[in-house]
Amino acid sequence: MTRVFRTRTPAPTWEHGLLAGSGRLGAVLHGPAQRQVITLSHERFFVPVNPRPRAPDLRPVLDDLRRAVLTGDADHAGDLLTEGLAADGYPDGLIWTDPLGICATLTLAVAGVTQELSRSTDLSLGEVAVDLRDGRDGRCAVRVITPRDDETAWVAIESDHEVVVDLALSLGGALDTALDTGGADSSAAVAVTLVGGRDGRVEAVTSEAIATVTARGAGPWEHGAQSLTSRLVVPAGGRRTVRLEVAVRTSGGTPPSPTGPTDVDWTQLRRGQAATHGRLVAASTLDLRAPRGRSTSHDPTTEEVWAAARAGDAGARLRVVEIAYLSGRAHAIAATGDLPPTLQGVWQGTWRPAWSADYTLNGNLQNGGMAGLVPTGTPELARSLLTLVLAHLDDYRENARRVFGADGMLLPSRMSTHGRANHVHAAYPHVFWTGCGGWVLRLAADLVSTTGDRTLVDDRLWSLVEGVLRFAETATVLVDGRRHVVPAYSPENTPSGAGGPITSGTTMDVAILRDAARASAVLASARGDHSLDARWSALAASLPSFRVTADGTLAEWIDEQWHEEPAHRHASQLYPLWYEPDTAFVGSAGAALRAAALATVHAKLAWRAADPTPPPGRMEMAFGLVQVGLAAAALGDAEAALQCVEWLAVDHWRPALTTTHDAGSIFNLDASGGLPALVAAMLLASTAGTLTVLPALPRAWPSGTVTGLRARGGIVVDRLAWDPGGCTVTLRRLREAAWLAPEPGVLLEAGRPFTTPGTVLPAGRVRVGVDATTIRLRWADPDEGSGLS
């Protein structure tokens, strides 16, 4: 499968540009033909432009708030929250996190350019390029590579004819964005220092950090009005390169000294990328046997492939899913370094980014940007979540005390430079959403159970395990003998007919705590410390049962006084099916809950299908589709899962292979991470002791191959290939995961009845060792549809 894709769609703004990323450093290539623009950002450069008050002290109104909620008076609960916020000095509006900033911008004016021919991205090498035509019918190109795990961007200019390139180095950036969520102009918090000479240097200075970008390889650099300028002469048939070194340090730190070469062998640079970035991208591949069409004089552009898919061409729809899987993984990898992807990955181009371009933790990060890292072959990158979260444990303790008067730890719904829960308003009472901590424990447990790495459970992570438990023990209240989080918030929905979103007994709260108990058992085994097991078991046993509504769907609020509002982009009540299915949904005893969850899946899809267009239509928030699709896959509804995949791939991908929050609008990485995770869930499911191949294989995918999927128990599925007659799976267990191996082996299942001719599986179980094992499954009834009933 080709990994180089071309588009002829212009990129007038950064949101339509091509992306190169080292994990730590991001570069966006965009602009008109005569003025190519490269905007640089760094995973550690957040701009301290917004206030950072401590979590609101709501203890003075907490008892009254709880009484209002428990009597169903959500309107009064909202008034009490507003009163409590005002008494603590909070403004009448949301406090935003500090946004991801811009480090510098390099502009290249190429003399004599008459038009832009195409833009291209090589997903294996992480190389992006723009192909230009000059007035002498010659070509020139601008290329960008950001070497993996480095803080350097290389820019190459190539030309058939001798050409003059005028360079400008500045801070750059724009105020406009596809969605204004009310954030401040963060450039106001940045002072700029320009230093000319042999090298050009831009210093973006805030009260906390300095981002220094040094341009080498051109020169000399001279001061202009607001930028440094230089000139390159590219010889006919030659190449000139510019090296951009980016360093972020705390204010007062030692200025960096340029150390690297000013020229590079581009072929060698590509080899290095193939061995690093390319290795990660190749860790998992998807081949749905999409037809490549008749031989033509050129490969189809992304516009042509997507146009055919939108017109209903079945082969093109397969191709779009393949490309979305590849490009989504490549961009999520490029955006993950020491820290996980923000809403915008590691890329920036505006000083007023939507939602502060932060880490939004009520679903975006978990179901979006990082969702595919573990299941699609790159679990090592998911450690970045722990780097982000474990740095702010004291903030979480303070959040718990001030918001709920509780012990333990309360994690916020949004983060960037701190862990304070201060993004709150009566219309968006995020401080009452308590699920982040337990959700992080689930992701940590999956990281341990797919890698076997016990060292992950260090003292800080174990403190979080105890902190989440202690919070649940002290922040919940007893209602009819069961523990409920009161007040609560189901992101970001309001019950039908209620006077506000502050409620009690949300399904997501209960599901996450039940799941956290199981996740903590994995972490306890890895650490060899079972001192918390009894408390976690007691907590799980004290939680209320899930509820089925009168219309047969799964209730979003377990408390019956809150009525369903299915017309919403989130699907938080489906959390019990996103990871290891909650035990309440398993077996004959869970049939009613499975049926209710499936009814919810269909209701959510019907709501979107009634107006599948960008807002004010209903095709908004890509990760909401991921949530619905993951549940559909777990329930064996392959066609519902496919609907989510195709809506994501067809409607949320741009010609540059970047993704959007809504259909066609707002640059965002949620679909990039979420679609690969959903496809993986359709092709492989696992628990500690079971492995299910093709649990939700749609009829539109009759044959295919996927490589590199990861399963719990430290199992690597090196290759899974299927056809109308059956499937072949090659699997092994990581050596360091031997402690996770169940006895008497892993129960092998599939999304339809099968036999294993020539292979004996005692009690349906297979022992998986460090050496690869290949098993052929033959469908018992080849004509039977896929998916579990």
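Predicted model: local features only at pLDDT ≥ 70, side-chain atom pairs only at ≥ 80, totals over all residues.
A search of the whole structure returned nine cavities of 30 Å³ or more. Helix α11 supplies the largest share, four residues. By class, nine lining residues are nonpolar, four are polar and none is charged.

The second largest cavity holds about 70 Å³. It is lined by 14 residues; Pro412, Ser413, Ala421, Asn422 and His423 lie nearest its centre. Here the lining divides into six nonpolar, six polar and two charged residues.

The structure contains 46 salt bridges. One of them pairs Arg402 with Asp88 at 3.1 Å, N to O. Arg402 sits in helix α9 (393–404), whereas Asp88 sits in the loop between α2 and β5, 314 residues apart. Arg402 is buried, at 9% relative accessibility. Asp88 is partly exposed, at 29%.

A further salt bridge joins Arg249 and Glu203 at 4.0 Å, N to O. Arg249 belongs to strand β16 and Glu203 to strand β12, so the pair ties together parts 46 residues apart in sequence. Arg249 is buried at 14% relative accessibility, and Glu203 is buried at 12%.

Glu492 and Arg569 also form a salt bridge, with the closest N and O atoms 2.8 Å apart. Both residues lie in loops, 77 residues apart. Arg569 counts as buried, at 18% relative accessibility. Shared partners also link Arg442, Asp446, Asp515, Arg518, Glu580 and Arg712 into one salt-bridge network.

Methods
Residues numbered from 1 in each chain as written. Heavy atoms only, no water. 1 Å grid on protein atoms, 1.4 Å probe; cavity = no way out; pocket = protein on both sides within 12 Å on 5 of 7 lines; lining within 4 Å. Points joined across faces, edges and corners; volume = space filled by probe spheres on them. Helix = DSSP H or I, 4+ residues; strand = E, 2+ residues; numbered from the N terminus. Nonpolar A, V, L, I, M, F, W, Y, C, P; charged D, E, K, R; others polar. Salt bridge = Lys/Arg side-chain N within 4 Å of Asp/Glu carboxyl O. Buried < 20%, exposed > 50% of the residue type's maximum accessible area, 1.4 Å probe, protein only.
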